[in-house]
Amino acid sequence: MRSHGEAPCLVQFVQILVDSFVVVSPLALYPSLGDYSVVGVGLITLFFTGVNSLAKIFLDPLNNSAIYENSIYFDLGVMIREANGDSTKWRKAGKISPFT
Amino acid sequence: MVGCAVFIVYAKLSTDQSIYTLELLPPDKDLPFIRNLSEIKVIWELQKTLTTFVLTFFVNRCFNLWDSVYRSAREVQGKISGFNLLLATNVVRNQDGTHTTESEQFLEEVGQCTRLFHILFWASKTKRFSSLMSDEGLKRMESRGLMSSNQLKILLTMDIPNEQLHSAPLEWMMIRTNQAMDENVLLADNATKSALLREFMSLRNAYANIGNLIEGRMPLAYGKIIVLYLQV
């Protein structure tokens, strides 16, 4: 379980890596794509920053950091209601035994 | 993309091209400006490989964390359910196969403790439900029937941090179970007791695991700054 916290600088490192990659991409793509490098840069920005954002959302499963609105956190209200239902389910299911 | 468009305008001005026409072909590679950019591309290609590899690794690690927390959360639910199942199937019954009044009362009381434990546990882990741990939150839960007035009184006077309030109903679950065994409401043989204790301790391990996973993850401070920067 410790392995999840073994690289405290990884988030910052990946962010810097992705940002610099995206920022440099117009310069790198222009010689081969010309005016169409706008489209190429758009796609690169969408996918690379999107995957990085997805990773950060996964890194905050309970949405305590609230980095993004509407991110994929657990709906704990549902989990609590499920457990509430389970707390009475077995009592009700076994209320009458057929083996008398 | 806006930055890229601005750069294209700059590149066209630097290479004496019209900024009002859309060029279907790439620029002339012999121009000094374009030749310099081609050298940047070599570095960019190296960075592309590194970025793709590191990002893939990073997403994988983050998803593993998400998955571990999700599985642990489900395990907590499962252990609570398993504990209640063991109790419901081992309580004393009447001759006609129905629960005795004492059995019904016992199952209801332990069920209520499990509900209280589960809610207070998540309140201690999430900002969204953290208000439930405050005095006002506890009183509100009592007014909605989630705990008795006696339980509220005990929780309010307890000498432990609010983040650990869930420990009390967890212990009440087992204390009430032991009491039921002494009162012959629940089968008190060693096998039943052993199975209940095992389930009880598994529950404790499952919920403690969630805290360990969340506290051991990577910090998000830099990520927040970047999001703020992008939004501005």
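## Interface between chains A and B

In this predicted model, 63 residues of chain A are in contact with 72 residues of chain B. Three helices of chain A, α1 (10-33), α2 (37-58) and α3 (76-93), each supply at least two residues of the side that touches chain B. The largest share of that side comes from α1(A), with 17 residues.

By residue class, the side of chain A that touches chain B divides into 36 nonpolar, 19 polar and eight charged residues.

## Confidence in chain A

Chain A has a mean pLDDT of 82, and 83% of its residues reach 70 or more. Among the elements of the chain, the highest mean pLDDT belongs to α2(A), at 91. The lowest, 89, belongs to α1(A), the helix that also gives the largest share of the side touching chain B.

Residues 1-7 of chain A have a pLDDT below 50. Beyond near neighbours in sequence, this stretch has 13 contacts in the model.

## The surroundings of B:Leu87

In chain B, helix α2 spans residues 32-90 and includes B:Leu87. B:Leu87 counts as buried because 28 C-beta neighbours lie inside 10 Å, where the cut-off for a buried residue is 20 or more.

Leaving aside neighbours within four places in sequence, B:Leu87 is in contact with B:Leu107, B:Val110, B:Thr177 and B:Leu186. For one of these contacts, B:Leu107, the separation from B:Leu87 is 20 residues in sequence and 7.2 Å in space, taken from C-alpha to C-alpha.

Conventions:
Residues numbered from 1 in each chain as written. Chains lettered and ligands numbered in written order. Predicted model: local features only at pLDDT ≥ 70, side-chain atom pairs only at ≥ 80, totals over all residues. Contact = placed C-beta atoms within 7 Å. Helix = DSSP H or I, 4+ residues; strand = E, 2+ residues; numbered from the N terminus. Nonpolar A, V, L, I, M, F, W, Y, C, P; charged D, E, K, R; others polar. pLDDT = per-residue confidence, 0-100. Buried ≥ 20, exposed ≤ 12 C-beta atoms within 10 Å, placed from the backbone.
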